[in-house]
Amino acid sequence: MEFVLKEEHGFSYIDEGEGEVLLLLHGLMGALSNWDGVINEFKSKYRVIIPMLPVYDMPLISTGVKSLSKFVHKFIKFKKLSNITLLGNSLGGHVALVYLTAHPENIKALVLTGSSGLYENAFGGSFPRRESIDFVREKVQFTFYDPAIATDELVNDVFHTVNDRNRVIRLLAMAKSAIRHNMKKELNKMTLPVCLIWGRNDKITPPEVAVEFNELLPDSELHWIDKCGHAPMMEHPEEFNVLLKQFLTKLEAKVNA
C-alpha cells in the first residue's frame, strides 16, 4: 500500500486529496489496498477516505453488519463528513446499505460493486480447510475471473486470517450476519442515485444479484465489466474508474442544472 495510514481516535484510515468526499468500504476479507486504483485516479479532484473496518476486532456477540454500520457512523461523525458518495465492495456494500437506512441525510449517492445484501456465495459454498494453502489459494482465485490476480501475497494474507482462531470465528459470525440481514425490503425506500458496477463473471454475488439490485433500487443504473469477478476495482481498475467517473460527472451535472 502506497498511501499513509492514519491512526486517530481508535480509527485507522487513509485520507487523500481534497474536495467532495468519496468514502470507500472494503469487503469481509478485503484490504484498504483493494482501492488503490480509485485513490490514484480520484484524489486530484475528490477527498478519498477509506476506514479500516474492525471485522476482527469487535466482541464476538456484536460481530455483524449492523455493528460495522454503527462503526462507520462514528467515523463519519468524528471526521465531520457530509454530502458523501459512499462506495462499497462485497460486505462493504452491505454495510453501506445498512448505514443508508439509518442515516440517509449524510449520503449523496451510492456505488455498489459485488455487494452482498441480497445473496452471496461465500467461499464458493464451503468453508476453507485452514491447514491447506492450496485450498485457500483455490478459494481466493474463486473471487476473480483471472486467477493471476490471486497473488502469493494475497493468498498468504487469507491463509493467515483463516488460521487465526479469533479471526476465523469472527469471519464466520460476520458471514452469517450478512446472510441473515437481507436488504430486499429496504431497497425501494432508497431514492438517492445508485451506480452498480458488476463483474459479469462474479461467482460470489452473481450477475442476477446485480439485476435484482437494479430492479429494486428506484434510481439505479447497472454497468457490467466483462471477464471480471467479484472485485472489479482490483481486476479492471481502469474500466471501473471510467464508469465511476461517468457517474460522478452526471451527479455534478444534476447539481449544477
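K70 is found in helix α2, which spans residues 65–79. Helices here (H or I, at least four residues) and strands (E, at least two) are DSSP runs, numbered from the N terminus. The model is a predicted one, in which local features need pLDDT of at least 70 and side-chain atom pairs count only at pLDDT 80 or more, while totals for chains, interfaces and linings use all residues. Residues are numbered from 1 along each chain as its sequence is written, and side-chain values use heavy atoms, with hydrogens and water left out.

K70 is exposed, with a relative accessible area of 56%. The terms for cover are set by cut-offs: buried means under 20% relative accessible area, exposed means over 50%, and partly exposed lies in between (1.4 Å probe, protein chains only). The areas themselves come from the Shrake-Rupley method with a 1.4 Å probe, and for residues only the protein chains shown count as cover.

Together with K66, K74 and K77, K70 forms a positive surface patch. A patch is made of residues with over 30% relative accessible area and no salt bridge; like charges are joined within 9 Å, and nonpolar side chains (Val, Leu, Ile, Met, Phe, Trp, Tyr) within 5 Å. Lys and Arg count as positive and Asp and Glu as negative, whereas His and the chain ends are not counted. The place of a charge is taken as NZ of Lys, CZ of Arg, CG of Asp or CD of Glu.

**Covered strands**

Strand β3 covers residues 21–25, and five of its five residues are buried, so the strand is largely enclosed by the rest of the structure. The cover is on both faces: V21, L23 and L25 are buried on one side, and L22 and L24 on the other. β3 runs parallel to strand β4 (residues 47–51), and three bridges join the two. Two strands pair if DSSP finds at least two bridges between them. L22 has V48 of β4 as its bridge partner.

Strand β6 (residues 107–113) is also mostly covered, with seven of its seven residues buried. Six bridges join β6 to β5, and these two strands run parallel. The bridge partner of T85 in β6 is A109.

**Residues in loops**

Most residues other than glycine have a negative phi. H9 has a phi near 55°, a positive value in a residue other than glycine. H9 lies in the loop between β1 (6–8) and β2 (11–16), and is exposed, with a relative accessible area of 63%. N83 also has a positive phi, near 55°. The loop that holds N83 is between α2 and β5 (84–89). At 38% relative accessibility, N83 counts as partly exposed.

S33 sits in the loop between β3 and α1 (36–42) and is partly exposed, at 33% relative accessible area. From S33 to I14 there are 19 residues in sequence and 9.9 Å in space, C-alpha to C-alpha. Y56 lies in the loop between β4 and α2, and counts as buried at 18% relative accessibility. Y56 and L110 are 54 residues apart in sequence and 25 Å apart in space, again C-alpha to C-alpha.

**Salt bridges**

The structure holds ten salt bridges. A salt bridge is a side-chain nitrogen of Lys or Arg within 4 Å of a carboxyl oxygen of Asp or Glu. The table includes three of them.

| Pair | Distance, N to O |
|---|---|
| K245 and E41 | 2.7 Å |
| R137 and D152 | 3.0 Å |
| E221 and K250 | 3.0 Å |

The side chains of K245 and E41 meet in a salt bridge. This pair links distant parts of the chain, 204 residues apart, with K245 in helix α9 (residues 237–256) and E41 in helix α1. Both are partly exposed: K245 at 40% relative accessibility and E41 at 34%.

R137 and D152 also meet in a salt bridge. R137 lies in helix α4 (residues 133–141) and D152 in helix α5 (residues 152–162), so the pair ties together parts that are 15 residues apart in sequence. R137 is partly exposed at 24% relative accessible area, whereas D152 is exposed at 51%.

A salt bridge also joins the side chains of E221 and K250. E221 belongs to strand β8 (residues 220–225) and K250 to helix α9, so parts 29 residues apart in sequence are tied together by the pair. K250 counts as partly exposed, at 44% relative accessibility.
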